[in-house]
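Please keep the sequence and the structure in view while reading.

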Amino acid sequence: MAWFLGLGITGVVLLALSLVFDGLLEGVFDGVLDGVLEGWLSLPVVAGFVAMTGFGGAIALGTGWTGPAGAAGVGAVAGVGAGWLTYRFGRALMRDRTAVTPRTDDLLGTSGKVVTAIPADGYGEVLLRLAGQPLKCAARSTVPLARGAEVWVEAVPTGTSVLVRPVDR
């Protein structure tokens with residue numbers, strides 16, 4: 001029983017170390033067996049296998065259901081299951097991608113409204129939408145624009161300022 005519990009605790013310690021030393025075993029076995037082991041020998045997968053092998057064996061032995069050899073078999077099956085689940089969970093997390101980050105150039109060609117009047121050859125403010133979020137920018141125009149006027153973005157000189165023209169309807 002003590003051997004199985006020690007194995008389980010070792011797996012938990014390995015799992016904690018995998019949080020600190022992320023990717024320690026990554027790439028060590030690249031190319032071995034034509035890439036069959038790729039991703040399977042990461043530290044979290046090994047830790048999951050070792051921990052469940054130990055705790056599964058301890059549970060099987062502690063319940064009196066089987067002897068030490070049977071408990072080792074039960075633990076190995078539980079370890080393979082935990083390793084497989086850890087591998088699949090890690091792959092799912094690695095494939096999780098975020099949406100494309102909006103850029104200020106995405107403002108080009110959008111419409112908005114003047115919130116602070118824009119004098120001729122001076123700065124005012126416009127309210128635009130970038131990726132669905134409101135964004136207030138400094139704005140210049142060649143003609144004076146009153147508050148509430150609808151504008152069209154013609155250029156984005158900086159991330160916080162735009163060149164606009166009035167929308168003709």
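The sections below treat the model, its helix packing and selected residues in turn.

## Basis of the model

The model is predicted: local features require pLDDT of at least 70 and side-chain atom pairs pLDDT 80 or more, whereas totals for chains, interfaces and linings use all residues. Residues are numbered from 1 along each chain as its sequence is written, and side-chain values use heavy atoms, without hydrogens and water.

Helices (H or I, at least four residues) and strands (E, at least two) are DSSP runs numbered from the N terminus.

## Helix H2 and its surroundings

Helix H2 comprises 20 residues and spans 28 Å from its first C-alpha to its last, close to the 28 Å expected at 1.5 Å a residue. The expected span is 1.5 Å times one less than the number of residues. Buried positions of H2 (under 20% relative accessible area, with exposed meaning over 50% and partly exposed in between, for a 1.4 Å probe and protein chains only) include Leu43, Val45, Ala47, Gly48 and Val50. The cover over the buried residues of H2 includes H1 and H3. After H2 comes glycine 64, which has a positive phi near 75 degrees.

Threonine 53 belongs to helix H2 and is buried, at a relative accessible area of 11%. Apart from neighbours within four places in sequence, threonine 53 is in contact (heavy atoms within 4.5 Å) with Phe4, Leu7, Gly75, Ala76 and Gly79.

## Packing of H1 against H2

Two packed helices are described by the angle between their axes and the distance between the axes. Here the axes are lines fitted to C-alpha atoms over the stretch in contact, and angles run from 0 to 180 degrees between N-to-C directions. For helix H1 (residues 2-20) and H2, the axes come within 7 Å and cross at roughly 155 degrees. H1 and H2 are therefore roughly antiparallel (over 145 degrees; under 35 is roughly parallel, 65 to 115 roughly perpendicular and the rest oblique).

The crossing of H1 and H2 is left-handed, a term for a near helix turned anticlockwise from the far one by less than a right angle, with clockwise giving right-handed. Residues of H1 in this contact include Phe4, Leu5, Leu7 and Gly8, which meet a set in H2 that includes Leu43, Pro44 and Ala47. By class, the contact of H1 with H2 has 16 nonpolar, seven polar and no charged residues. Ala, Val, Leu, Ile, Met, Phe, Trp, Tyr, Cys and Pro count as nonpolar, Asp, Glu, Lys and Arg as charged, and the others, Gly among them, as polar.

## Packing of H2 against H3

The axes of H2 (residues 43-62) and H3 (residues 68-95) come within 6 Å and cross at roughly 145 degrees. H2 passes H3 in a right-handed crossing. Among the contacting residues are Gly48, Met52 and Gly56 of H2 and Ala71, Gly75 and Gly79 of H3. By class, the contact of H2 with H3 has 14 nonpolar, eight polar and no charged residues.

H3 has 28 residues and reaches 40 Å between its first and last C-alpha, close to the 40 Å expected at 1.5 Å a residue. Its buried residues are Ala71, Gly75, Gly79, Ala82, Gly83 and Tyr87, and their cover includes H1 and H2.

## Positive phi in two loops

Most residues other than glycine have a negative phi. Aspartate 121 has a positive phi near 55 degrees; aspartate 121 lies in the loop between strand E1 (111-116) and strand E2 (123-130) and is exposed at 58% relative accessibility.

Alanine 131 likewise has a positive phi, near 55 degrees. Alanine 131 sits in the loop between E2 and strand E3 (133-140) and is exposed, with a relative accessible area of 60%.
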